Amino acid sequence: MSLEIGQAAPEFESLDQNGNTVKLSDFKGKKVVLYFYPKDMTPGCTAQACDLRDNYEKLLSEGYVVLGVSTDSEERHQKFIAKHELPFPLLADVDHKVHDLYGTWQLKKTFGKEYMGTVRTTFIIDEEGILTDIIKKVKTKEHTKQIIG
């Protein structure tokens with residue numbers, strides 16, 4: 001089942017980089033940028049995270065919280081956050097349960113080789129938990145503009 005704008009965002013529970021439990025319902029009353037990305041420390045994922053970092057105050061002023069999700073471990077997230085001074089939490093979805101809920105864990109193909117992996121996608125969720133936008137063609141260096149213009 002693929003998600004569509006106007007649907008309720010699937011409730012999830014995952015651990016952040018510090019081992020704290022994070023649930024979508026924790027952010028009721030706030031707008032959420034829930035972005036799924038393939039891997040910490042890679043060029044595209046770093047560009048995306050740094051664009052969100054550099055525009056974080058603007059996102060906060062617009063009422064957004066930012067949550068990054070990948071299948072990397074808590075420890076790897078800690079290193080990524082420290083290296084790039086990221087001000088928002090990263091969820092360690094090592095068993096890709098959150099990915100499965102949002103349909104971002106899919107069969108991919110690179111150089112003729114097929115494998116399961118993260119499809120880079122961002123979900124914008126309103127204060128009531130409704131999907132208001134789904135960004136599938138993410139511009140990693142200009143992602144904030146895609147979110148708030």
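Analyst: Buried means under 20% relative accessible area, exposed means over 50%, and partly exposed is in between, with a 1.4 Å probe and protein chains only. Helices are DSSP runs of H or I with at least four residues, strands are runs of E with at least two, and both are numbered from the N terminus. This is a predicted model: local features need pLDDT of at least 70, side-chain atom pairs count only at pLDDT 80 or more, and totals for chains, interfaces and linings use all residues. Residues are numbered from 1 along each chain as its sequence is written, and side-chain values use heavy atoms, with hydrogens and water left out.

User: Which residues of helix 3 are called buried?

Analyst: Helix 3 covers residues 74-84, and its buried residues are His77, Phe80, Ile81 and His84.

User: What does the buried side pack against, and what does the face turned away carry?

Analyst: Contact means heavy atoms within 4.5 Å. The buried residues of helix 3 pack against helix 1 (43-54), strand 4 (64-70) and strand 5 (90-92). The face turned away from the buried side carries Lys79, Ala82 and Lys83, which are exposed.

User: What makes the phi of Glu85 worth a mention?

Analyst: Phi of Glu85 is near 50°, a positive value in a residue other than glycine. Most residues other than glycine have a negative phi. Glu85 sits in the loop between helix 3 and strand 5.

User: Why is Glu85 called exposed?

Analyst: Its relative accessible area is 64%. The cut-off is over 50%, so Glu85 counts as exposed.

User: Why is His96 called partly exposed?

Analyst: Its relative accessibility is 23%. That falls between the two cut-offs, so His96 is partly exposed. His96 is in the loop between strand 5 and helix 4 (97-102). His96 also has a positive phi, near 50°.

User: Why is Phe12 called buried?

Analyst: Phe12 has 3% relative accessibility. Buried requires a value under 20%, so Phe12 is buried. Phe12 lies in the segment before strand 1 (13-15). Among the residues that Phe12 touches are Val22, Leu34, Leu67, Leu91 and Tyr102. Phe12 and Val22 are ten residues apart in sequence, and their C-alpha atoms are 8.0 Å apart.

User: How do you know that strand 8 and strand 9 pair?

Analyst: Two strands pair if DSSP finds at least two bridges between them. Strand 8 (residues 121-125) and strand 9 (residues 131-135) have four bridges, in the antiparallel sense. Ile125 stands opposite Leu131 in strand 9. The two strands form a hairpin with five residues between them. Gly129 in that turn has a positive phi of about 85°.

User: What is found for strand 6 and strand 7?

Analyst: Strand 6 (residues 105-110) and strand 7 (residues 113-118) pair in the antiparallel sense over six bridges. Trp105 has Thr118 in strand 7 as its bridge partner. This hairpin has two residues between its strands, and Phe111 in the turn has a positive phi of about 50°.

Methods. Lists of a residue's contacts leave out its neighbours within four places in sequence.
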